[in-house]
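Visitor: Hi, I have a few quick things to ask about this one. Can you walk me through it?
Guide: Happy to, let's bring it up.

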Amino acid sequence: RGAKDLVSRWEKFITTGLPHVAVKLGLSLDGRIATRTGASKWVTGEEARAKVHELRAQCDAVAVGIGTVLADDPRLTVRHVPGVHPIRVVFDTHLRIGLGSKLVTSARDVPTWILTGGDAPVDVEESLLSLGVRVIRVPTSPEGRVDVQAALEALGALNVVSLLAEGGAELVGSLLAREAADELHAFVA
């Protein structure tokens, strides 16, 4: 990475208060992000997975939507390359994340934050807090999901300079629709 690349993250953060957003997409050759059955776990191979772990190691936080958590139960840690685990962020409007998910059960070891809406159940929030998860309430969009702009502002206020959004389709689509992505990493299988 060149000096300009490194400075661009800080430049955006300092001038806007928002994190630099990198979006990762794993696509099949036909442009799909999942198989016909909806499975999305291994669209790309080992080399791409190592590169994704390298991207994670370069960011303050990595984000996914709740659909990805429910479908794949990811860890979102750095494993295939040396580096520090990023903060793991889940966009989960209604706190549907399972208390037994890998993200929740390892929240005391790797910081795990959930961005949720104002109407999310307080009892679930309390359970998550007791397990070491940080719950951040933000406004929702007219579509009833966590508002992307409000979420990025909240992350910026918590000093997240760089964010890697790994999926799924709703989160990535929302970031791209709001023109919130600063760079795109597409892995085509």
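Visitor: How many residues apart are Trp-10 and Phe-13 in helix 1?
Guide: This is a predicted model, to start with. In helix 1 (residues 3–16), Trp-10 and Phe-13 are three residues apart, so about one helical turn separates them.

Visitor: And what kind of aromatic pair do Trp-10 and Phe-13 form?
Guide: An edge-to-face one, with 6.0 Å centre to centre and 85 degrees between the planes. The structure holds one aromatic pair.

Visitor: Is Phe-13 buried or exposed?
Guide: Phe-13 has a relative accessible area of 12%. The cut-off for buried is under 20%, so Phe-13 counts as buried.

Visitor: New topic: in what order do the strands of the sheet run?
Guide: The open sheet has seven strands in the order 5-4-3-2-6-1-7, with parallel pairing. Strand 5 (134–137) and strand 7 (183–188) are the edge strands, each pairing on one side only. On average, neighbouring strands are turned by 25 degrees against each other, direction ignored.

Visitor: Over how many bridges do strand 3 and strand 4 pair?
Guide: Four, between residues 87–91 and residues 112–116. Within that pairing, Val-89 stands opposite Trp-113 of strand 4.

Visitor: Which residue lies over the face of Trp-113?
Guide: That's Arg-134, at 5.3 Å from the ring centre.

Visitor: Which strands does helix 6 lie across?
Guide: Helix 6 (residues 148–157) lies across strand 1, strand 3, strand 4, strand 5 and strand 6, and runs at about 145 degrees to strand 4. Helix 7 (residues 169–177) packs on the sheet too, touching strand 1, strand 2, strand 3 and strand 6.

Technical notes. Residues are numbered from 1 along each chain as its sequence is written. This is a predicted model: local features need pLDDT of at least 70, side-chain atom pairs count only at pLDDT 80 or more; totals for chains, interfaces and linings use all residues. Side-chain values use heavy atoms; hydrogens and water are left out. Two strands pair if DSSP finds at least two bridges between them. Helices (H or I, at least four residues) and strands (E, at least two) are DSSP runs, numbered from the N terminus. Axes are lines fitted to C-alpha atoms, for helices over the stretch in contact, and angles run from 0 to 180 degrees between N-to-C directions. Contact means heavy atoms within 4.5 Å. Rings of Phe, Tyr and Trp (its six-membered ring) pair if their centres lie within 6.5 Å; planes under 30 degrees apart count as stacked, over 60 as edge-to-face and the rest as tilted. Buried means under 20% relative accessible area, exposed over 50%, partly exposed in between (1.4 Å probe, protein chains only). A charge sits over a ring if NZ of Lys or CZ of Arg is within 6 Å of the ring centre and within 35 degrees of the ring normal.
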